[in-house]
Amino acid sequence: MVFRRGDQVEVSSKEDGFAGSYFLATIVSELTKEEYIVQYMTLLKEDKFGPLREIVAPNKIRLVSPEIPATGFDLRDRWMLLPTMGGGLGRLLGKLGQSTSCVFSQLGMRVLTL
């Protein structure tokens, strides 16, 4: 797939603790057919001053997933957590109220409002 400057994308990570996670980013430029510069929307540079930019292979990039309205979930349903929640796979463990659920992922327990 070819990406263009300004495209909103998700970039996968294989770093320890983040395997299977996707982070929101914008394509800054195409260096070659095998490399893009992306700027993350939620990750900062090590000095914490400004968004992180990184050179990424196209096989690590996908278009932003469409929003799908949530209608109902059952216990033990599998989830793909949003990048803003750290991403990764999770499983619905319990309901804490009418619109609040508890999801366990590789990064730990999360409480989600649906």
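## Secondary structure and model confidence

Helices (H or I, at least four residues) and strands (E, at least two) are taken here as DSSP runs, numbered from the N terminus. On that basis the protein has zero helices and nine strands, and from the N terminus on its elements run β-β-β-β-β-β-β-β-β. This is a predicted model, in which local features need pLDDT of at least 70 and side-chain atom pairs count only at pLDDT 80 or more, whereas totals for chains, interfaces and linings use all residues. Residues are numbered from 1 along each chain as its sequence is written, and side-chain values use heavy atoms, with hydrogens and water left out.

The average pLDDT (the predictor's confidence in each residue, from 0 to 100) is 74 for the protein, and 57% of the residues score at least 70. Where pLDDT is low, the predicted coordinates should not be read in detail.

## Burial and the nonpolar core

Of the 114 residues in the protein, 31% are buried, where buried means under 20% relative accessible area, exposed over 50%, and partly exposed in between (1.4 Å probe, protein chains only). With contact defined as heavy atoms within 4.5 Å, 30% of the contacts between residues at least 6 apart in sequence join residues at least 24 apart.

A nonpolar core is a set of buried Ala, Val, Leu, Ile, Met, Phe, Trp, Tyr and Cys residues joined through side-chain atoms within 4.5 Å. The largest such core has eleven residues, namely Phe3, Val9, Val11, Phe23, Ala25, Ile27, Tyr36, Val38, Tyr40, Val56 and Ile61, and β1, β2 (21-32) and β3 each supply at least two of its residues.

Alanine 25, found in strand β2, counts as buried because its relative accessibility is 0%. Leaving aside neighbours within four places in sequence, alanine 25 is in contact with Asp7, Gln8, Val9, Val11, Val38, Gln39, Tyr40 and Met41.

Tyrosine 40, in strand β3, likewise counts as buried, at 5% relative accessibility. Not counting residues up to four places away in sequence, tyrosine 40 touches Val11, Phe23, Leu24, Ala25, Pro51, Leu52, Glu54 and Val56, and its C-alpha atom is separated by 6.5 Å from that of threonine 26, 14 residues apart along the chain.

## The second largest pocket

On a 1 Å grid over the protein atoms alone, a pocket is an open set of points where a 1.4 Å probe fits, with protein on both sides within 12 Å along at least five of seven lines, and lining residues have an atom within 4 Å of a point. The second largest pocket has a volume of about 280 Å³, and of the 14 residues that line it, the closest to its centre are Ser13, Glu15, Tyr40, Leu43 and Glu54.

Strands β1 (8-13), β3 (35-44) and β4 each supply at least two residues of this lining. The lining residues divide into eight nonpolar, two polar and four charged, with Ala, Val, Leu, Ile, Met, Phe, Trp, Tyr, Cys and Pro counted as nonpolar, Asp, Glu, Lys and Arg as charged, and the others, Gly among them, as polar.

Lysine 48 has its place in the loop between β3 and β4, and its phi is near 70 degrees, a positive value in a residue other than glycine. Lysine 48 is exposed, with a relative accessible area of 59%.

Arginine 53 lies in strand β4 and, not counting residues up to four places away in sequence, touches Val28, Ile37, Val38 and Gln39. Arginine 53 and leucine 43 are ten residues apart in sequence and 8.8 Å apart in space, C-alpha to C-alpha.

Notes. Points joined across faces, edges and corners; volume = space filled by probe spheres on them.
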